[in-house]
Amino acid sequence: LRGGWAKDPITVGALTIDWDFELYPTGKLRLAQLAKAAKLQGHEFPDDAKLTFRSDGTLEAARYVSKHGFMIHGEQWTDTRSLTFDKTGKITSDHTEHYQSNVRPPKFKD
């Protein structure tokens, strides 16, 4: 088994994951998306965070929506945070990408 897709949450070690996941040939988790928030190597991650692990099981990278909301006229915005870690769990890079829709939601007539 090299990976798969889980419609319903499954537990892998201390993590609850869903959707796409990948494994190393040893069976250890390589890539996963959290179905429930988790704390790893001293860092808190929300549900839906996408995590990458090294073959030794240490956290290598994470990507998740850190903030989201709506502008005054209803345009949606998100801040997506991407992190990389050394083997001890220390953050080696931290980048936030801001997205803002330029399309207003449709107006509904009564």
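Okay, a definition before anything else: a residue is buried when its relative accessible area is under 20%, exposed when over 50%, and partly exposed in between, using a 1.4 Å probe and protein chains only. By that rule, 32% of the 110 residues in our protein chain count as buried.

Now, a caution. This is a predicted model, where local features need pLDDT of at least 70, side-chain atom pairs count only at pLDDT 80 or more, and totals for chains, interfaces and linings use all residues. Residues are numbered from 1 along each chain as its sequence is written, and side-chain values use heavy atoms, with hydrogens and water left out.

So what is in the chain? Zero helices and nine strands, where helices (H or I, at least four residues) and strands (E, at least two) are DSSP runs numbered from the N terminus. How spread out is the chain? Its radius of gyration, taken over C-alpha atoms, is 17 Å, well over the 13 Å from the globule rule (2.2 Å times the number of residues to the power 0.38), so it is more spread out than a compact globule.

On to the sheet. Seven strands make an open, antiparallel sheet, ordered E1-E2-E3-E6-E7-E8-E9; pairing needs at least two DSSP bridges between two strands. E1 and E9 (91-100) sit at the edges with a single partner strand each, so one side of each has no neighbour in the sheet.

Let's look at two pairs. E1 (residues 3-12) and E2 (residues 15-23) share seven bridges, with Gly 4 opposite Phe 21. In their hairpin, Gly 13 has a positive phi near 65°. E7 (residues 59-70) and E8 (residues 76-85) are joined by nine bridges, and Ala 62 partners Leu 83.
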